[in-house]
Amino acid sequence: MEWEPVYVRTHEKGLLKEKIKEAYTLLESCVLCARRCGVNRLGGEEGFCKVRDEPVVSSFNPHFGEETPLVGYGGSGTIFLTHCNLGCIFCQNYDISHLGKGYVTSSAKIAEIMLSLQQRGCHNINFVTPTHQMPFLIKAIEIAAEKGLSLPIVWNCGGYESLDALKILDGIVDIYMPDFKFWDERTAFRYTRARSYPDVARNALREMHRQVGDLYINAEGIALRGLLVRHLVLPERLAGTKDLVRWLSEEISPRTYLNVMAQYRPCYRAFEFLELSRCITEAEYNEALGWARDAGLRLDQDIAPIRRIFF
Ligand code: SF4
C-alpha cells in the first residue's frame, strides 16, 4: 500500500476539525506547554511565550542542514515559528526565539507556504519551535491537506510539550523531532527557569514514541514516520548525555534515532555563565558520541548524506 501522511486519514474521518476546536479551547487557559501559564490567549493575554491568538512566522525555506533522512535530495521544508515556550538563555536562534523576529500571519498563509515547499520538492514540512503555536498550525494543515498537501509533518520541538497538546497531535504529526536538552533539573532551571524540564521531556518522548514508534526510513533514505531525537552536547557535561542515551536505549527503544549535535557556541546571554562561555572541545564531543554508540542507538552521524549518493 502506498504511504500517506497520518493527517490525511484523520481528516478523511472528520477528526481534524474536532482536534482544531479542542486545540483552540486550550488557548483559553493556556496549557499548550508544560509552563501551563493559564492565560487566556484568545482574550488577548500573554504568557511566557508572548504569542497570543495569531501565528507569527520568522522564515521558511528548503533546508539542507537538517538530519540526513529529512534532507534527502530535495531538502526539508522548514517553517520557523517566532518566540519560544522554553527560552534557553544560550539559544542560537535568539533573534527569533527571544527577540521576536518575525511577522504576524494567518493559518491560510502558512498553508500556502506549505504547498509552495511541496512544489519546490521538499520531502517534509518541518515546523521549527511549533508547540506554542499549535492550534494555528493544525488549522494550516487542514487547509493545505484540502489543497493536496501530501508530505509528512515534522514537529521540531523543544521537548517541553504538555501531554494535553500531544494528545491533540496524535494522528496529525508523522515525525516528532524533540530536543532532549538537560538531564538534570537544576541545570534546566539555571538556563531556562523550567525546573521540571527533564521529567516533562521524558514523559513527552514516551508519548511521542507511543504515537509514532521508531523512525521509519524508506528505501530511498527518506524519513516518513517516527521519533527522531536531538541532543546538543554542552560544555562540562552539562547536558547529561551519558544518562540520556542510556535512558533512550532502555526506556524508549534501542532503535531510537539520535542526532548528537556538536554546534554549541555561546550566544545571547551565555556569557553570563562562565561554564557556557566557550564551545565544546573535540574530546567532549567524541566522548558524547561514544556513549551514544555504546548505548546502541541509531545515530545521524553514521548515515551517509543522500545527496552525495545522488549527485
Ligand atoms: S504555550 Fe506555554 S509558554 Fe505559551 S502561554 Fe501557553 S503555557 Fe505559556
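Buried means under 20% relative accessible area, exposed means over 50%, and partly exposed covers the range in between (1.4 Å probe, protein chains only). The model is predicted: local features need pLDDT of at least 70, side-chain atom pairs count only at pLDDT 80 or more, and totals for chains, interfaces and linings use all residues. Residues are numbered from 1 along each chain as its sequence is written, and side-chain values use heavy atoms, with hydrogens and water left out.

**View 1. Glu67 is a buried residue in a loop.** With a relative accessible area of 1%, Glu67 counts as buried. Its loop runs between β1 and α3 (68-71). Helices (H or I, at least four residues) and strands (E, at least two) are DSSP runs, numbered from the N terminus. Which residues does Glu67 touch, not counting those up to four places away in sequence? They are Met177, Leu228, Arg230, Asn259 and Asp300. Contact here means heavy atoms within 4.5 Å. Glu67 and Ala111 are 44 residues apart along the chain, and their C-alpha atoms are separated by 24 Å.

View 2. In soluble globular proteins, nonpolar side chains tend to be buried together. Neighbours within four places in sequence left aside, Phe90 contacts Phe182, Tyr191, Leu232, Leu234, Tyr264, Arg265, Cys267, Ala270 and Leu276.

**View 3. Ala145 is buried in helix α6.** The helix assignment places Ala145 in α6. The relative accessible area of Ala145 is 18%, so it counts as buried. Beyond residues up to four places away in sequence, Ala145 touches Tyr7 and His11. Ala292 is 147 residues from Ala145 along the chain, with 38 Å between the two C-alpha atoms.

**View 4. The ligand takes up the space of the largest cavity.** The largest cavity is the space taken by the ligand. On a 1 Å grid over the protein atoms alone, a cavity is a set of points where a 1.4 Å probe fits but cannot get out. A molecule sits in a cavity if more than half of its atoms lie within 2 Å of its grid points. Which residues are around the ligand? They are Cys30, Leu32, Cys33, Arg36, Cys37, Arg41, Gly47, Phe48, Cys49, Asn85 and His132. A residue is near a molecule if one of its heavy atoms lies within 4 Å of it. By class, this shell has six nonpolar, three polar and two charged residues. Ala, Val, Leu, Ile, Met, Phe, Trp, Tyr, Cys and Pro count as nonpolar, Asp, Glu, Lys and Arg as charged, and the others, Gly among them, as polar.

**View 5. Ser29 and Leu42 lie in the loop between α2 and β1.** Ser29 is partly exposed, because its relative accessibility is 40%. Leu42 is partly exposed too, at 35%. Between their C-alpha atoms lie 8.8 Å, for 13 residues in sequence. Leaving aside neighbours within four places in sequence, Ser29 contacts Gly38 and Val39. With residues up to four places away not counted, Leu42 touches Tyr24, Leu27, Glu28 and Asp53. Ser29 and Gly213 are 184 residues apart along the chain, and 31 Å separates their C-alpha atoms.

**View 6. Glu236 and Arg237 have positive phi values.** Most residues other than glycine have a negative phi. Glu236, not a glycine, has a positive phi of about 60°. Arg237 also has a positive phi, near 60°. Glu236 lies in the loop between β8 (223-232) and α10 (241-252), and Arg237 is found in the loop between β8 and α10. Are these residues buried or exposed? Glu236 is partly exposed, with a relative accessible area of 49%. Arg237 is exposed, at 55%.

Notes: On a 1 Å grid over the protein atoms alone, a cavity is a set of points where a 1.4 Å probe fits but cannot get out, and a pocket is an open set with protein on both sides within 12 Å along at least five of seven lines; lining residues have an atom within 4 Å of a point.
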